[in-house]
Every structure is written in structure tokens, then in C-alpha cells.
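Subject: Structure handover

Hello,

Here is the structure we talked about. Please open it alongside this note; my findings follow below.

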Amino acid sequence: MAGNSLGKEFVLTLFGESHGKCAGVVVDGCPAGLELREADVQRELDKRIPKGSGIVSSRIEEDKVEILSGTFKDRTTGAPIAMIVQNRDVDSRPYELIKDVPRPGHADYPAKVRYGGFNDYRGGGQFSGRMTAALVMAGAVAKKLLAGVGVEVLAYALSIGDVRSRTDLTCEELRASVYENPVRCGDRNAALLMEKSVRQAAESRDSLGGVVRVIAYDVPPGIGDPLFGSLDSELSQALFSIPAVKGVEFGSGFGAAQSKGSQNNDPLTVVKGNVAFRTNNAGGVLGGLSTGQEIVAQVAFKPTPSISRPQMSVDLQSMKETELNLAGRHDPCIVPKAVPVVEAMVSIVLADFMIRSGRILRILK
Ligand SMILES: Cc1cc2nc3c(=O)[nH]c(=O)nc-3n(C[C@H](O)[C@H](O)[C@H](O)COP(=O)(O)O)c2cc1C
């Protein structure tokens, strides 16, 4: 496979570019009979851009989804579902500069080498964060499938720069508060400080990184396959496919490396006749299989590479060092837009596993 497809039974394939006609996705393998309207997908897409907040790129796309195939009478037919959002607010002029002077931190240089200079460099082409709209569209289908078996996936901004959210947020709190503020943080006090930090970074023509936490609720125990098909390896692959992701950890993650077995093991117990665990340092995965606890992962995003401060690069025509002064419209922090993307990717992988394990049927009534 050439790298634009993901999944084994529930398979998505991305197409489009940042400044081409559209960003799109084909979802193949979706069970027949799922109720699916454009409004269902639109609801998820609308979470991607905190409108009017001024803390994301000033490129304003309506992002109106069009379902081109795979549904009939508001239900999936079992045929591939093709969905697009058109690109309208496109200004490609600033990108003539980066054709020969790659942006530090972006994919411009390796993409030029990989595609022999034929790649569409406008707006970063297929390496643009815009392509995550396609992931969110596929994620909307996956979320509907998971809702049918009682699984819910929620994410929030755990940190932006050096501001950190509370970590004891309940599922109800997350549902009610994450998308009520532009930084997508469930902790209202931290959200205000995060927003301030992002604005300050933008004013100083710089950018910030951060961490998104994602939690999958009510995943039954025993989901996953051995080794290369393990739940955490497939989730990691999907999460690392999101542009700007630099780290993924489950549960206590890198912290586990500094703790002792006696501290890190999650003792088993019995609650209402069922096996349960007293703690969740494992992040809901043992041996690549779900334990029945919440699946918890942290996803680290680097600061947005495109900043409007002068930066050193190389002119690939003259092969001389040169200063790059970048124009264009960019997100001063990727985290707010990435929160629904992380939710989408985890939902896509879980839906695939649930179909593979027969817990989501191929025909839904
Ligand atoms: C939702 C989202 C929005 C993004 N917005 C921008 C942006 O405005 N400007 C930019 O330079 N990079 C942006 N990026 C990051 C780049 O796409 C990414 O850093 C680049 O493709 C290089 O890939 P890498 O960071 O994974 O190595 C965004 C990423 C995501 C997920």
C-alpha cells in the first residue's frame, strides 16, 4: 500500500491536497444499515475549527461535507462511502517561496526529494493539517458504529506550552465542556490560561506545542490481536499518522520507566461480580489486548513549524544558506484543531477492531 490507507476491515483511504479541489476520504468496509446523514459528519467537522476565536489560522473554510456515495435513504449500503470538503479559501502565493526554500520543521524538503519536485507544495499539499478534515469525516462514521455498541471516545487538551489541565475530569465533564472553549480543554481555568498563551505566542510570531489526552470508554476486555496486531501498536500507528505528532504513550507511559513493578502494576479486584483493576497505569491495554478499563493515551504535538519569524534554510537552486521570511496563514498551536482528530483516529482503529472481532456486525438492523 502506498501509505494513504489505514485499517484491515474498516479501511479508509485519503485523497486531496490543501490547495487542490478538495480534501476527501473513501471509507470501505463500513457495515450496511448504519444511519448516516451529512449532518452526523458535519457535527464532527464543526469541532475541528474553533470559529471566531482568533487562535487558529485565519484561513476560513466552510468545511461543508458532501457524501458522494455509499448511503441510500440515510443508511449505509455497504458500498464505499466517499466524502469530501471543498477547498475555497485558498491563497497559494506565499508558497512559491517555499518551492525552493523549504520551511524548517515542515515536510517541504523531504517531500521534494521523495516526489522528484512534482509534489503539490501549495499549502503543504498532502502534508497539510487540512487533510485531517478527511480523518475527522471517517472518524464520524466510526463514532456512529461505536455508539451502537456503547463505546465512546473523548479527547481534550491536556497541556499547551507550560499550562496543564486538571486530569481528574469525568466523562460527563468532558462531554459538557471540551468544545465550549476554543482550546478544547475540559478544565475551564486552564483553558483561559492556554488561550492566553496561544495568543501571546502568535503575537510574538512564534508557536506552541502541547499534549492531547484521549480516553475510550466501555471498550470490552479482550479486544486486540497478538504482536503486530496489538491494540496499542495499531492505535500508535494511527496516532503517529497525524501530522506534528511526536510522541504517543499509554497510561503511565514513559513514567513507567522510572517506577517500580510494585507501583506500576494495577492490582486486580472484583466489583459487582466482575474483574476490575484498582488503578489504570496500563492505560487499558495489557499484552496488546484491552483490559476492559478505559483506554487512555497521551499524544504529544510539536509546535507549529510555520512561524513568521526569520528562520535559516537553504535555497535549493543556488545551494546557499538563506533566510526564510514566511507569509501564509498558520495555526499558532496545533492542539485545539487536533483534539477532534485524535478522537477520530482512535475511533477508526477501535471500529476496525470491533468489526474484526465480530462485535460490530456487518449488517446493522
Ligand atoms: C490539525 C493540524 C493543523 C496544522 N496546521 C499547521 C499550520 O497551520 N502550519 C504548519 O506549518 N503546520 C501545521 N500542521 C503541522 C504540519 O502539517 C506538520 O508539522 C508537517 O506536515 C510535518 O510533519 P511532521 O511534523 O509530522 O513531521 C498542522 C497539523 C495538524 C494536525
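Predicted model: local features only at pLDDT ≥ 70, side-chain atom pairs only at ≥ 80, totals over all residues.

In β10, V211 is the residue that stands opposite S159.

The axes of α7 (residues 231–240) and α9 come within 9 Å and cross at roughly 140°. That angle makes α7 oblique to α9. The crossing is right-handed. On the α7 side, the contact is made by L231, E234, L235, A238 and L239. On the α9 side, V342, M345, V346, I348, V349 and F353 make it. By class, this contact has 10 nonpolar residues, 1 charged residue and no polar ones.

Now the ligand. Which helix gives the most to the shell around it? That is α9 (residues 335–356), with 3 residues. There are 21 residues around the ligand. G129, P243, S306, H330 and K337 come nearest. By class, the shell has 9 nonpolar, 9 polar and 3 charged residues.

There is another open sheet to look at. It has 5 strands in the order β1-β2-β3-β7-β4, with antiparallel pairing. β1 (5–6) and β4 (66–67) stand at the edges. Each has a single partner strand, so one side of each is left without a neighbour in the sheet. For β4, 2 bridges join the strand to β7 (residues 81–86), and the two run antiparallel. I67 stands opposite M83 in β7.

Last, a hairpin. β12 (residues 268–271) and β13 (residues 274–277) run antiparallel and are joined by 4 bridges. V271 faces N274 of β13 as its opposite residue. The hairpin has 2 residues between its strands. In the turn, K272 has a positive phi of about 50°.

Best wishes

Conventions
Residues numbered from 1 in each chain as written. Pairing = 2+ DSSP bridges. Near = placed C-beta within 6 Å. Nonpolar A, V, L, I, M, F, W, Y, C, P; charged D, E, K, R; others polar. Axes fitted to C-alpha atoms, helices over the stretch in contact; angles between N-to-C directions. Parallel < 35°, antiparallel > 145°, perpendicular 65-115°, else oblique. Left-handed = near helix turned anticlockwise from the far one by under 90°. Contact = placed C-beta atoms within 7 Å.
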